Amino acid sequence: MKMKWKNVFGGIILTVLIVSGCSKKGGDFKYVKIDGSSTVFPISEAVAEEFRKKDANIRVTVGIAGTGGGFKKFCAGETDISDASRPIKPSEVELCQKNNIGYIELPVAYDGLTIVINPKNTWAKHITVQELKKLWQPAAQDKIKTWNQVRAGWPNRPIHLYGPGVDSGTYDYFTEAIVGKEHASRGDFTASEDDNVLVQGVSTDEEALGFFGLAYYEENKNKLKPLPVDDENNANGRGPVAASMETVMDGTYQPLSRPIFIYVNQKALNRPEVSQYVQYYLENAAVLSREVGYIPLSKKAYALAQKRVEKRITGSLFEGHGSQVGVQIDVVLEKSLQ
Amino acid sequence: MIKALLFFCGMVSVLTTLGIVGILVFETWGFFQHVSFKQFFGDTQWTPLFTNQHFGIWALVSGTVLTSAVAIGTALPLGLLAAIYLSEFATKNFRLFVKPALEVLAGIPTVIYGYFALTFMTPFLQNFIPGLSGFNALGAGIVMGMMILPIIASLSEDAIYAVPPSLKEGAYALGANKLATIFKVVLPSSFSGIAAATILAISRAIGETMIVVIAAGQQPNFSFDPREAIQTMTAYIVQVSLGDTPTGTLAYQTIFAVGMTLFLFTLLLNLFAHHLRRRILKGHL
C-alpha cells in the first residue's frame, strides 16, 4: 500500500514537470482548435495533415470528445470548429445562444451505418427496420433475448448485441432512425465508444449483431458480414439494400445513411488561419473522405457549402432538431441559399 | 524543518485516503437521494445510462465475483503447487532462476494481459468451448489468474518456508513420506499465510480493471455463466468516466455508488488479510 502512494506522488510530480515543460509556446504559431465526433475525426485529421504541409506556421489540433462533448466545448467558445456526426440539438443551440456563439454548419461527407453479423451466421439474410426496432427499443430490454423472438424461423439461440456508447453521435442517429426517438434504446448490449472493440466482438461471436459506421466495416470486410436492411418503402429501393459506397450515394440505403458535419465558429472564421483551413477542407473533402472510408457529397453540395461560408449563413439546416432521417443534402443546402 | 517535511510527506497518503473516502461518501449520498436502496439492491439489471433505467448493482457484482472466482480458481492451485515445488523440491540454483521469473509476471502491464486474453486466450478457448463469446468472463478470468499467480506463489512460499524444520523432522521421524509431510504437516501449519496470500490476491482481482475492460465485454449481465460477456464494477467506472458525463448528473453519481461498493469489498478483504497476517506474526498458526 505504502509503495503505491509513493508511486502516485512521484507520478504527479513528474506529470507537473512534463506539462509545464510542454506549455511553453514557441514561435508565432497560429492555432485552429477542433474537437468533437470520433466519426468525423479521420476526415478532419486528414485535411489537417495536408493543410500543415501547405502552411507550417498554422497548427491544427483535432480532438475526439464525441459529438456531444465537442459541442459543449464549442458552445463555450473553447474551440473554433466542432466535428459532428449528427446535426446540433436544441439544448446545444440554446447553449450556443446563451454564450453568443454563432456557427456555420457545413456538411462534409456521408456515412452509412452498417448492420453487421458474424460471417458464420447462416440464418440471417436481411432484416427490416421494424425488426430492428423490435430488437433495439427500450421495451426490448431483458425481453428480446433470442434470434427467433426477432423473426419466427430464425433459430432459438441467444442474440448478443453490440453498438456504440451513449456519448456517440452514431448512437444518437441510430436510435432516431430506428426507434424513432433520439437516445432511446435498450441498455443491455455491449456498448463501446471504440468501434474497434465492436468489430472484435462481432467478428468473434456467432450470435452477434452490431452496428457502426461504414468506414469500420470497409476496413474489416473479411471478418464481418453486412446485413441488408429493408425499410419496406419501395420509393428508395425495393427490398433489402446492403450498405455500400454506391447505395449510400444514390440514396437507396435508407434510413441509415446520414450526412456528417463540421460546425465553424462565426467569429473565428474572421481569422485568416481558420477561413483558410475551412476553404481547404471543402476543396479537398471529396478526395480525402473517400480515402478514409466515407462517401463524398456531390460536387454541387460542396460548392453550395462554399457559398454558405462566403455569405456567412449561420444556424442549422435542420432547425436545431438533432438527428433527422433521409436527408438529401443538395436539396437542403440549395433551399437555405435562396 | 526536515522533520516537518517528512511529516508532510507521510500525511500525504493519509490525507489522500481521507479525501477519497470523503468524496465517495458524499457522492454516494447524493446518488441515494435519487435511487432507493430497493432499486439498488433489489434488481438484477444495470442500465443507468439508458432510457429504460435500472440500478441493480448485482449485475455488476456478479461480473466482478465471476471473473475473480475464475482467476482464483486458476491461480490458487497453480500458485500453491508452484510454492510447494519451490520450497520443498527445487534445487537451489533452479529456485534462484524460477522465483524472479515468476515475479516478473507481476511487472507486466495489465493492458498487455488484457490483449493477451482478447486475442490469444479467448480464440484458444473457442477451440474447445463452442458458444464462447468473443468477450467473456472465462478468458479474462484465466489471464487475471496468471497475473495474480505471483502474489499467491510468492507469499505462500514465504509461509511454507517459515514452517519450523522441527515440525517436518518430527513428521519424518514418525515415518511419514515426503508427500504426506507436505500435505499433512507443512500445508496445515502454513494455512493462515496461504489464506492471507489468497485474500490479497482476491482483492487484487476484484480491483483489476484493464483486463476486464478489454477482454470481458462491457455488458452488465446478471449471470454466473463464464462463457458470456459481462461487465465488472471497475469496467463500468471506466466506461462512464471515458465519456463526457457532466458533473452532478445521476450518471456521474452512479460511478461513485459503484466505487463505494467496490471500496467496501476490498476494504473488508484487506482487513481480513491483515488480521490473518498479524496472527502469523504473533505465532498463532
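I count a residue as buried if 20 or more other C-beta atoms lie within 10 Å of its own, as exposed if 12 or fewer do, and as partly exposed in between, with C-beta atoms placed from the backbone. I am reading a predicted model, where local features need pLDDT of at least 70, side-chain atom pairs count only at pLDDT 80 or more, and totals for chains, interfaces and linings use all residues. Residues are numbered from 1 along each chain as its sequence is written, while chains are lettered from A and ligands numbered from 1 in the order in which they are written.

**Entry 1: helix 3 of chain A**

I listed the buried ones as A:Gly66, A:Thr67, A:Gly68, A:Gly69, A:Gly70, A:Phe71, A:Lys72 and A:Phe74. Next I looked up what they pack against, calling two residues in contact if their C-beta atoms, placed from the backbone, lie within 7 Å. The partners are strand 1 (30–36), strand 3 (81–84), helix 4 (90–98), helix 7 (169–179) and strand 11 (257–265) of chain A.

**Entry 2: strand 11 of chain A**

I followed one of those partners, strand 11 of chain A. Here 9 of the 9 residues are buried, so the strand is largely enclosed by the rest of the structure. A:Ser257, A:Pro259, A:Phe261, A:Tyr263 and A:Asn265 point one way, A:Arg258, A:Ile260, A:Ile262 and A:Val264 the other, and all are buried.

Then I checked its pairing, which requires at least two DSSP bridges between two strands. Strand 3 of chain A pairs with strand 11 of chain A in the antiparallel sense over 4 bridges, and A:Ser82 has A:Tyr263 as its bridge partner there. Strand 4 (residues 103–117) of chain A also runs antiparallel to strand 11 of chain A, joined by 9 bridges. In that pairing I noted A:Tyr103 with A:Asn265.

**Entry 3: helices 2 and 11 of chain A**

For helix packing I use axes that are lines fitted to C-alpha atoms, for helices over the stretch in contact, with angles from 0 to 180 degrees between N-to-C directions. Helix 2 (residues 41–54) and helix 11 (residues 272–291) of chain A pack at about 120 degrees, with axes 9 Å apart. That makes helix 2 of chain A oblique to helix 11 of chain A; angles under 35 degrees count as roughly parallel, over 145 as roughly antiparallel, 65 to 115 as roughly perpendicular and the rest as oblique.

The crossing of the two is right-handed; a crossing is left-handed if the near helix is turned anticlockwise from the far one by less than a right angle, and right-handed if clockwise. My classes put Ala, Val, Leu, Ile, Met, Phe, Trp, Tyr, Cys and Pro as nonpolar, Asp, Glu, Lys and Arg as charged, and the others, Gly among them, as polar.

**Entry 4: chain B overall**

I turned to chain B, which has 12 helices and 0 strands. Its C-alpha atoms fill a box of roughly 70 × 65 × 35 Å along the principal axes. Of its 285 residues, 40% count as buried. Among contacts between residues at least 6 apart in sequence, 72% join residues at least 24 apart.

**Entry 5: helix 6 of chain B and its neighbours**

Helix 5 (110–126) and helix 6 (residues 137–161) of chain B pack at about 130 degrees, axes 8 Å apart. They are therefore oblique to each other, and helix 5 of chain B passes helix 6 of chain B in a right-handed crossing. The contact includes B:Tyr113, B:Phe116 and B:Met121 of helix 5 of chain B and B:Ile142, B:Val143 and B:Met147 of helix 6 of chain B. Its residues divide into 10 nonpolar, 3 polar and no charged.

Helix 6 of chain B also packs with helix 9 (residues 191–207) of chain B, at about 155 degrees and with axes 8 Å apart. These two are therefore roughly antiparallel, and their crossing is right-handed.

**Entry 6: where the chains meet**

Last, I found 21 residues of chain B in contact with 30 residues of chain A. Helix 1 (2–34) and helix 5 of chain B are the elements giving two or more residues to the chain B side. Helix 1 of chain B gives the most, with 3 residues. By class, that side has 7 nonpolar, 13 polar and 1 charged.
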